[in-house]
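Colleague: I would like to learn how to read the features of a model such as this one, so please take me through it step by step.

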Amino acid sequence: MQHWVIIGGGAIGCLWAASLQQQHIAASLVVRNNDALTRYRTAGGISLQRSTTTFQCQPTAYTAVQYDHPIDRLIIATKAQHTAQALASVASRLTDDCIILSLQNGMGQQQHILDHYPNARLYCGVSTDGAYLQSPFHVVHAGAGTTRIGRYPENAHDTPETSALIAELPTDVLTICADQHIERQLWQKLAINCLINPLTALYRCHNGELINHPQARPRLEQLAEELDRIIAAEGLAELVPAALSTALNVAKITAANRSSMFADVLAGRDTEINFITGYLCQRAAQHNIKVPCNQKVLDDIRLLKPNA
Ligand code: KPL
């Protein structure tokens with residue numbers, strides 16, 4: 001029986017740790033530091049709330065230093081910018097051909113994992129699940145979505161292997177499926193995050209307010225045009241739908257939500273901007289395409305003083 005280690009005690013880490021436990025799949029949680037461990041113990045473990053029911057569980061939690069067992073199944077559920085540090089903190093316990101499943105927003109961190117852990121088998125999951133922390137380790141699974149998982153980089157011959165991996169995951173409680181074109185899913189999610197996250201943080205508004213916002217809406221349209229150009233340059237134009245309509249649809253469905261970037265800014269945390277708009281701008285530079293509106297958004301977010 002496989003044992004999953006989940007690194008990251010945010011909403012996604014808690015959702016997956018609790019879902020694994022709910023399906024009686026062995027799981028441990030690795031949290032950032034002793035303070036987080038104390039909060040975990042005070043909370044009495046993870047509470048996973050789904051509409052009217054709450055599932056409580058106590059997967060063993062550790063800090064990275066304390067976890068001294070070999071790891072051959074790792075879910076990385078940290079913010080993108082903490083990937084390198086989080087993996088380095090457990091690197092000596094990773095088995096040679098361990099499976100790393102990244103359930104994160106953003107792009108760029110995947111290449112870091114490939115470069116630094118060349119023997120690991122990397123999978124990425126792109127999810128439409130809506131989950132947020134109501135309090136530390138109390139996760140609300142507000143919108144049941146689908147998590148698409150694929151090998152990164154893509155390799156069509158790996159499909160049976162991806163299905164075998166999915167069989168180890170909590171498919172009774174989460175909707176999970178294999179996707180041979182995970183790159184396309186990552187780009188589609190990146191486009192949504194490039195359009196919604198920074199603008200909600202800059203204009204301090206909920207996702208739905210972007211749709212008719214007098215300043216944000218024209219910017220959203222300009223960002224979307226640039227995104228479509230880069231996605232085309234990546235050779236994905238046929239596979240990824242137009243950025244504007246996708247983002248407007250997500251803004252509508254998640255109208256009452258605060259984006260994760262707006263939440264980070266409000267809480268005084270660093271944001272994922274370098275792995276969202278930052279990654280887009282890097283790819284644009286590679287293709288020699290100017291993306292001035294995205295570059296401006298990147299600069300504006302970098303200048304934001306948390307809580308200012
Ligand atoms: O993924 C999101 C985020 O906030 O990071 C969206 C889809 C924009 C939902 O808020």
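Colleague: How many strands form the open sheet, and in what order?

Modeller: This is a predicted model, in which local features need pLDDT of at least 70, side-chain atom pairs count only at pLDDT 80 or more, and totals for chains, interfaces and linings use all residues. Residues are numbered from 1 along each chain as its sequence is written, and side-chain values use heavy atoms, with hydrogens and water left out. Strands of a sheet pair through backbone hydrogen bonds, either parallel or antiparallel. Here 4 strands form the open sheet in the order 4-3-10-9, with mixed pairing (strands are DSSP E runs of at least two residues and helices H or I runs of at least four, numbered from the N terminus; two strands pair if DSSP finds at least two bridges between them). Strand 4 (53–57) and strand 9 (130–135) are the edge strands, each pairing on one side only.

Colleague: How many bridges join strand 3 to strand 4?

Modeller: Strand 3 (residues 46–50) is joined to strand 4 by 5 bridges, and the two run antiparallel; glutamine 49 has threonine 54 in strand 4 as its bridge partner.

Colleague: At what angle do the axes of helix 6 and helix 8 cross?

Modeller: Two packed helices are described by the angle between their axes and the distance between the axes. The axes of helix 6 (residues 182–203) and helix 8 (residues 243–253) come within 9 Å and cross at roughly 70 degrees (axes are lines fitted to C-alpha atoms, for helices over the stretch in contact, and angles run from 0 to 180 degrees between N-to-C directions).
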